[in-house]
Amino acid sequence: MPITEEILVSMGINSPEEWAKALEDKDLQEIFSHDSIPTTEMFVFAQALIAKAKRNIIAYLETLEEYDLSEMDDQTATTILAGIFKNNQPITIVFRPAYNNEVIVYYGSERDTLDYEASELWVDDGLEVKQITLGHI
């Protein structure tokens with residue numbers, strides 16, 4: 001499968017160094033051919049979409065009464081938001097763009113976060129912001 005901008009966005013790769021490290025992953029190597037070489041423009045495009053998803057998800061959560069983002073710390077990881085309260089209980093949110101109707105949870109920190117009950121996965125698909133649950137999968 002060729003590497004596209006959408007796949008880069010879904011993976012949440014945050015730097016050229018992380019992209020190089022990702023390509024060392026044997027499972028990833030088996031999925032993608034290496035004939036396609038991502039360009040700087042593709043990387044910049046992917047980062048813009050990740051930032052857009054983050055802005056949209058934060059803006060949406062701020063409209064929901066049960067969420068309190070006043071103590072949010074968005075420096076925990078590229079795609080993880082901490083310091084959020086839902087119904088006065090602390091939660092952690094993993095966010096992802098899903099503009100190609102696909103979500104790839106790539107980073108170990110995302111998987112580790114989603115292992116906890118007090119975590120949620122939210123996506124922006126370009127049309128709506130929504131929480132992804134096992135029912136969606």
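A residue counts as buried when its relative accessible area is under 20%, as exposed when it is over 50%, and as partly exposed in between (1.4 Å probe, protein chains only). By that rule W122, at 5% relative accessibility, is buried. What you're looking at is a predicted model, where local features need pLDDT of at least 70, side-chain atom pairs count only at pLDDT 80 or more, and totals for chains, interfaces and linings use all residues. Residues are numbered from 1 along each chain as its sequence is written, and side-chain values use heavy atoms, with hydrogens and water left out.

**The overall layout**

- The protein has five helices and six strands; helices (H or I, at least four residues) and strands (E, at least two) are DSSP runs, numbered from the N terminus.
- Of the 137 residues in the protein, 36% are buried.
- The accessible surface is about 8000 Å², and 51% of that belongs to carbon and sulfur atoms; such areas come from the Shrake-Rupley method with a 1.4 Å probe, and for residues only the protein chains shown count as cover.
- Take the contacts (heavy atoms within 4.5 Å) between residues at least 6 apart in sequence: 56% of them join residues at least 24 apart.

**Rings that pair up**

- There are two aromatic pairs here. Rings of Phe, Tyr and Trp (its six-membered ring) pair if their centres lie within 6.5 Å; planes under 30 degrees apart count as stacked, over 60 as edge-to-face and the rest as tilted.
- Y60 and W122 make a tilted pair, 5.8 Å centre to centre with 50 degrees between the planes. This pair links distant parts of the chain, since Y60 is in helix α4 (residues 40-62) and W122 is in strand β5 (residues 119-124), 62 residues apart.
- Y60 is partly exposed, because its relative accessible area is 33%.
- Y67 and W122 make an edge-to-face pair, with 6.0 Å between centres and 85 degrees between the planes. Here too distant parts of the chain are linked: Y67 belongs to strand β1 (residues 67-68) and W122 to strand β5, 55 residues apart.
- Both Y67 and W122 are buried, and ring pairs join Y60, Y67 and W122 into a cluster.

**The nonpolar cores**

- A nonpolar core is a set of buried Ala, Val, Leu, Ile, Met, Phe, Trp, Tyr and Cys residues joined through side-chain atoms within 4.5 Å.
- The largest one has 26 residues, and M11, I13, L61, Y67, I84, I93 and W122 touch the most other members.
- Helix α4 gives the most to this core, with seven residues.
- A second, separate core has six residues, including V94, A98, V123 and I132.

**Spots worth a look in the loops**

- T79 sits in the loop between β2 (73-77) and β3, and T79 counts as buried because its relative accessibility is 1%.
- The T79 side chain makes a polar contact with the side chain of E110 (2.3 Å). A polar contact is a pair of N or O atoms within 3.5 Å; within protein, one must be able to donate a hydrogen and the other to accept it, and residues adjacent in sequence count only if both atoms are side-chain atoms.
- N87 lies in the loop between β3 and β4, and has a positive phi of about 50 degrees although it is not a glycine.
- N88 is in the loop between β3 and β4, with a positive phi of about 65 degrees, and is not a glycine either.
- N87 is exposed, with a relative accessible area of 52%, and N88 is exposed at 71%.
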